[in-house]
Amino acid sequence: MEKLRNRSIQWNILVGMIGISVLLVFITSIVSYRFTYDSVEENSIDYTSKLIEQVNSNIEYYLEEMDSISRTISFNYDIKDYFTKSDLLTDGQKVMYEDRIKASISTILESREDIVSICVFGYSGNIITSKNRALNSNANIEEQDWYINALSNNGKVSISSSHVQNIFKGEYPWVVSLSRELENADNQKPIGVLLIDLNYNVINEICSNIELGEKGYIYIIDQEGDIVWHPYQRLIHSGLQDEVIDDVLMTKNGSFSRYINGEDQIYTVKSSERTGWKIVGVTYSDELVSNSSDLQLYFGITILVILVLALVISYFISRSISKPIKRLKKSMEKVQAGNLHEIVDIKTNNEIGDLSHTFNQMTEEIRLLLDKNVAEQRLKRKSELKALQAQINPHFLYNTLDSIMWMSLANKNEEVVEMTAALAKLFRLSINKGAEFITVEDELKHVENYLIIQKYRYDSKLNYKITCDDTIYRYKMLKLSLQPLVENSIYHGIKNKDGDGNIIIRAKDDGDYILLEVEDDGVGMTKEQLTNIYTKDSQKGSGVGVKNVNERLKLYFGEAFGLHYQSTIYEGTTVRIRIPKMEMNADEK
Amino acid sequence: MQMRNKIKLSLIIGVILLLIASLYIINNRNNDGELKKSVWVIYKSEFQTEFWKEVTKGIDLAAEETGTEYVIVAASSEGDVKGQIALVEEGIRSNPSAILLAATDYNKLSSVVEEATDSDIPVIMIDSGVSTTDYVSYVGTDNYKAGYKVGQRLAKNLGVGDRVMIMNYIKGAQSAMEREQGAIDGVRAYDKQIGIDVYYCNDNVDDAYAYVTKMQDYGVTFHGYAGLNETSSTGVGMALYDLGLSGTVEVICIDSSIKEIELLENGTITAIVVQQPFNIGYTGIKTAVDVIMGKEVDKQIDTESKLISKDEMYLPENRELLFPFQDN
């Protein structure tokens with residue numbers, strides 16, 4: 001299972017398809033072959049049964065015919081008379097009877113080639129035969145099977161197996177003997193035995209033309225298991241061939257199979273009631289489904305063809321799946337390596353196509369985001385630079401140094417020190433080693449230093465106050481965000497005011513947020529000025545500050561966190577900053 | 001990736017080749033085992049006795065079984081040695097798969113047999129062999145063994161110092177001499193110091209008949225008689241019957257005939273040793289087919305003779321040997 005999971009899709013599809021196809025074909029082939037074979041075997045046994053039944057019928061019919069001939073003879077009054085009264089007859093009369101009897105027997109014989117001889121053996125010792133031949137003195141008639149059987153059969157016909165007939169001198173024909181006991185006119189007393197010998201060739205003719213496939217054949221055995229007729233009886237009797245006899249003797253009517261000499265054979269048996277013979281049909285199993293070995297070969301080839309097809313089809317299917325996947329994989333690798341312009345060119349409408357489409361969209365989004373991020377970063381740098389630039393305002397510096405100079409000339413040394421120190425601190429905090437964020441505390445200090453300096457210049461015209469909630473000192477805020485607002489307040493609000501101006505700076509803890517306010521009671525702004533406050537560049541080069549602060553706030557904290565101006569003309573202006581509370585990171589301190 | 005594709009490609013090609021090969025095999029399947037088999041059979045004489053009719057039946061059955069074609073040729077009479085030689089040569093020219101030959105002369109047919117073997121035609125001797133050993137196999141009755149059976153049976157019930165007459169047919173004939181030697185050895189096997197007289201009747205019934213009667217006239221007593229072929233046996237049997245000696249002496253014969261069967265039935269002949277001509281023909285063809293198929297065969301194949309006494313003569317296995325079917 002572990003191995004399976006780790007193999008490529010292509011491999012798994014291939015193996016799976018081949019496995020299923022072969023299994024299916026295999027099972028189907030075996031089942032259908034078996035079915036075919038079984039039904040053909042059944043049909044064959046059926047056919048063989050019918051065939052040997054036919055043979056049996058033919059033989060029985062033939063023997064029936066002979067039986068009726070024998071009955072005709074047995075009804076012959078001449079015979080009955082002659083053999084009953086033979087002791088009482090004169091020689092002349094005997095000859096007369098004999099002639100008449102012989103005449104009636106020859107009429108029967110004349111038309112037939114199959115009857116070899118007809119004889120009547122009287123118990124009184126008289127014998128009449130159809131042949132003009134002397135009898136074999138060495139043949140003991142009363143010991144012969146046909147004679148004995150006739151006596152024990154109650155006047156019914158007995159049929160012998162095939163044998164050599166030796167009752168005539170110098171003649172030894174092969175015959176099948178029909179014998180019956182004859183009775184006198186009253187049908188009370190037996191008078192002798194009638195013997196009709198049939199040419200063995202009759203049986204030969206009935207049996208020898210039967211075909212059961214190329215190798216199959218039929219044969220006949222009698223009740224004792226001796227062969228009546230067999231196409232290979234010479235071979236069997238000389239020991240060159242064997243034949244199944246015992247199992248046949250045990251079967252009345254039916255079939256069984258045997259494995260002989262490397263071949264499967266089917267034996268179908270029919271017992272004849274009349275003769276006691278058994279007629280056997282032998283068929284060879286490998287002939288049943290003719291060319292069964294060819295059939296097997298065809299099945300084998302079908303499997304091979306299906307295998308090849310399975311191979312080819314699965315190859316193409318799996319390729320159609322894994323190739324685009326591989327392409328996708330390659331593109332992903334390229335994106336991973338940094339090429340965000342990579343587009344996966346898979347246009348199919350299936351799941352893989354969807355996947356690729358989604359992937360392309362995702363890559364584009366990432367690219368856009370990255371670009372945006374880069375743009376943002378650039379903007380931030382630019383803004384910061386601008387802020388810094390604004391901060392290092394030559395005018396401001398020049399004025400401040402001027403003030404320091406005049407104070408020095410006026411020997412206001414303490415003030416000189418304070419102002420210089422404030423200036424130094426101002427610039428130190430401005431630069432702040434380039435970091436974006438600064439604590440609330442430091443930013444307030446920064447704006448305080450700025451106000452200290454400005455106070456020296458504006459004196460009583462400028463009053464300020466800075467308050468801050470204790471809890472928020474350590475949180476971070478954007479540097480250089482208050483100072484430009486204060487600067488704006490001074491130059492646009494207070495400077496042009498008649499009388500003194502006040503600026504209050506508040507920093508408040510507002511739950512998850514920090515609220516910063518710069519409030520002045522300067523001249524305020526008209527509605528028009530309010531709306532333009534972010535767009536106008538200031539004349540003195542420090543109006544950049546407000547726009548800059550607003551931009552930077554929005555950049556760093558989000559669109560919702562810009563400046564909020566409130567102003568009433570002639571009364572004052574309040575600007576608010578709201579930022580989320582954030583702790584300073586270790587690397588920002 | 002390249003490697004994988006190459007493997008797959010070669011796999012597919014391999015399978016396709018296999019397909020083609022199997023189709024080819026199917027087409028040729030039906031032709032296998034159809035190796036041409038045709039056999040040229042040369043008898044001793046055009047006129048076929050019962051014996052040779054049986055040989056033919058055996059050939060026919062074996063040929064049918066194995067799908068072999070055959071043709072039987074012979075000179076007009078058994079004495080026509082030159083005629084038979086010519087037929088063998090004709091056989092060689094027609095290039096059959098094998099030749100079956102019953103030689104009319106043991107010595108004179110040798111060189112033409114060698115000629116056939118040199119022409120790469122397997123020769124199988126049936127019933128009568130030749131002096132050369134340059135043939136594939138000899139299929140027939142072991143005459144020596146047949147004679148031995150006769151001798152053994154003859155001497156079985158005799159006493160020490162008894163005397164027997166062996167009636168042979170042609171002095172110098174290969175089969176005759178073999179039978180004679182076998183018979184003599186069979187008698188001697190008992191170590192009863194039995195006297196043996198051998199006489200040659202020149203294959204003449206009357207001659208044999210006359211000799212037996214003559215010996216009887218001279219008052220020479222024989223306690224047993226052997227006839228080594230049909231004519232000699234018939235002569236001996238009839239003589240003994242006419243002399244009224246039936247049943248007083250044991251008579252063992254080789255080869256049967258209707259007359260001999262009569263004599264067997266009436267007790268004059270004690271037992272007959274019969275050959276199995278059907279087997280000679282059948283085994284002859286089967287051996288030829290084996291050789292053609294490239295199998296190993298024995299040099300000497302004995303089709304065996306059988307000793308049949310009066311009690312056994314009507315047993316199923318013996319009937320066919322004594323009473324061959326008459327074809328209508």
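Modeller: In this predicted model, B:D127 counts as buried because its relative accessible area is 14%, and the cut-off for buried is under 20%. Where does B:D127 sit in chain B? B:D127 belongs to the loop that joins β4 (123-126) to β5 (137-140). Its backbone deserves a look too. Phi of B:D127 is positive, about 65°, yet the residue is not a glycine. Most residues other than glycine have a negative phi. A:D459 lies in the loop between α14 (440-458) and β12 (462-468) of chain A.

Now step back to the rest of chain B. The chain has 328 residues, and 51% of them are buried. Its secondary structure comes to 11 helices and 12 strands. Take the contacts in chain B between residues at least 6 apart in sequence: 71% of these join residues at least 24 apart.

Helix α7 of chain B runs over residues 205-217, which makes 13 residues. From first C-alpha to last, α7(B) reaches 18 Å, close to the 18 Å expected at 1.5 Å a residue. What caps its N-terminal end? B:N204 does, with a side-chain oxygen 3.0 Å from the backbone nitrogen of B:D206. Just after the helix comes B:G219, with a positive phi of about 80°. Next, the sides of the helix. In an α-helix, residues three or four places apart point the same way, because there are 3.6 residues a turn. Keep that in mind for the buried residues of α7(B): B:A208, B:Y211, B:V212, B:T213 and B:M215. They pack against the strands β6 (163-168), β7 (195-200) and β8 (224-227) and the helix α8 (230-242), all in chain B.

Chain A has a helix to set beside it. Helix α3 of chain A covers residues 77-85. Its buried residues are A:D78, A:I79, A:K80, A:Y82 and A:F83. Their packing partners in chain A include the helices α2 (9-74) and α4 (91-110). The strands β1 (115-122), β2 (127-129), β4 (174-183) and β5 (190-199) are partners as well. At the start of α3(A), A:N76 brings a side-chain oxygen to within 2.8 Å of the backbone nitrogen of A:D78.

Last, the place where the chains meet. On chain A, 39 residues are in contact with 37 residues of chain B. Together the two chains bury about 3500 Å², with 62% of that on carbon and sulfur atoms. On chain A, at least two touching residues come from each of α2, β3 (158-164), α6 (200-208), α7 (233-237) and α10 (292-337). The largest share comes from α10(A), with 12 residues. By type, this side of chain A has 19 nonpolar residues, 15 polar and five charged.

Key:
Residues numbered from 1 in each chain as written. Chains lettered and ligands numbered in written order. Predicted model: local features only at pLDDT ≥ 70, side-chain atom pairs only at ≥ 80, totals over all residues. Heavy atoms only, no water. Buried < 20%, exposed > 50% of the residue type's maximum accessible area, 1.4 Å probe, protein only. Helix = DSSP H or I, 4+ residues; strand = E, 2+ residues; numbered from the N terminus. Contact = heavy atoms within 4.5 Å. Polar contact = N/O pair within 3.5 Å; in protein donor to acceptor, adjacent residues only side chain to side chain. Buried area = accessible area lost by both parts, 1.4 Å probe. Nonpolar A, V, L, I, M, F, W, Y, C, P; charged D, E, K, R; others polar. Expected span 1.5 Å × (residues − 1).
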